[in-house]
Amino acid sequence: MSLPVRVRGSVVVPDAELQWRFSRSSGPGGQHVNTSDTQVELRFDIAASAALPQVWKERALERLAGRLVDEGVLVVRASEHRSQWRNREAAAVRLGALLSDAVAPPPRARRATRPSRGVVERRLTDKKRRADVKRGRSGRFD
């Protein structure tokens, strides 16, 4: 019925786990806006999903905690297009992007490094040279 919502790799959210709701969009549109339900609301229950691996579920629930409603339900709305079909596509793409970012593995930890002795010495000599230039601009010479 609609485009598949691809999360990452070969993981796809089945249509059975998506809930679609349609309503009238706000904004300009003339007579068309009063007669058609073009705004799309796409709901996906992350907590009850069988499509996502358990690790991804936990990661998504933690990272999307501010956006979730009703204990684990992610809601995405789209109303930027005049046609319901294009709004459905936009909502599906947006949901896929949100889930893809949420289930991405955490970045590798940064390994602390120290600047080399040569870099430190060059920085200090440049600072000394710059200070001498600025001191030379003033009227006094020490």
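Buried denotes a relative accessible area under 20%, exposed one over 50%, and partly exposed the range in between, computed with a 1.4 Å probe on protein chains only. The model is predicted, so local features need pLDDT of at least 70 and side-chain atom pairs count only at pLDDT 80 or more, while totals for chains, interfaces and linings use all residues. Residues are numbered from 1 along each chain as its sequence is written, and side-chain values use heavy atoms, with hydrogens and water left out.

**View 1. Salt bridge between Arg21 and Glu41.** The structure holds 7 salt bridges, each defined as a side-chain nitrogen of Lys or Arg within 4 Å of a carboxyl oxygen of Asp or Glu. In the pair shown here, the closest N and O atoms of Arg21 and Glu41 are 3.3 Å apart. Arg21 belongs to strand S3 (residues 18-23) and Glu41 to strand S4 (residues 39-45), so the contact ties together parts that are 20 residues apart in sequence. Helices (H or I, at least four residues) and strands (E, at least two) are DSSP runs, numbered from the N terminus. Glu41 is buried, at a relative accessible area of 10%.

**View 2. Salt bridge between Arg43 and Asp70.** A distance of 3.1 Å separates the closest N and O atoms of Arg43 and Asp70. Because Arg43 lies in strand S4 and Asp70 in the loop between strand S5 (68-69) and strand S6 (73-78), the pair ties together parts that are 27 residues apart in sequence. Arg43 is buried, with a relative accessible area of 16%, whereas Asp70 is exposed, with a value of 59%.

**View 3. Salt bridge between Arg94 and Glu80.** The side chains of Arg94 and Glu80 meet at 2.7 Å, N to O. This pair links distant parts of the chain, with Arg94 in helix H2 (residues 84-103) and Glu80 in the loop between S6 and H2, 14 residues apart. Arg94 is partly exposed, with a relative accessible area of 31%; Glu80 is also partly exposed, with 47%.

View 4. Glu71 counts as exposed, at 78% relative accessibility.
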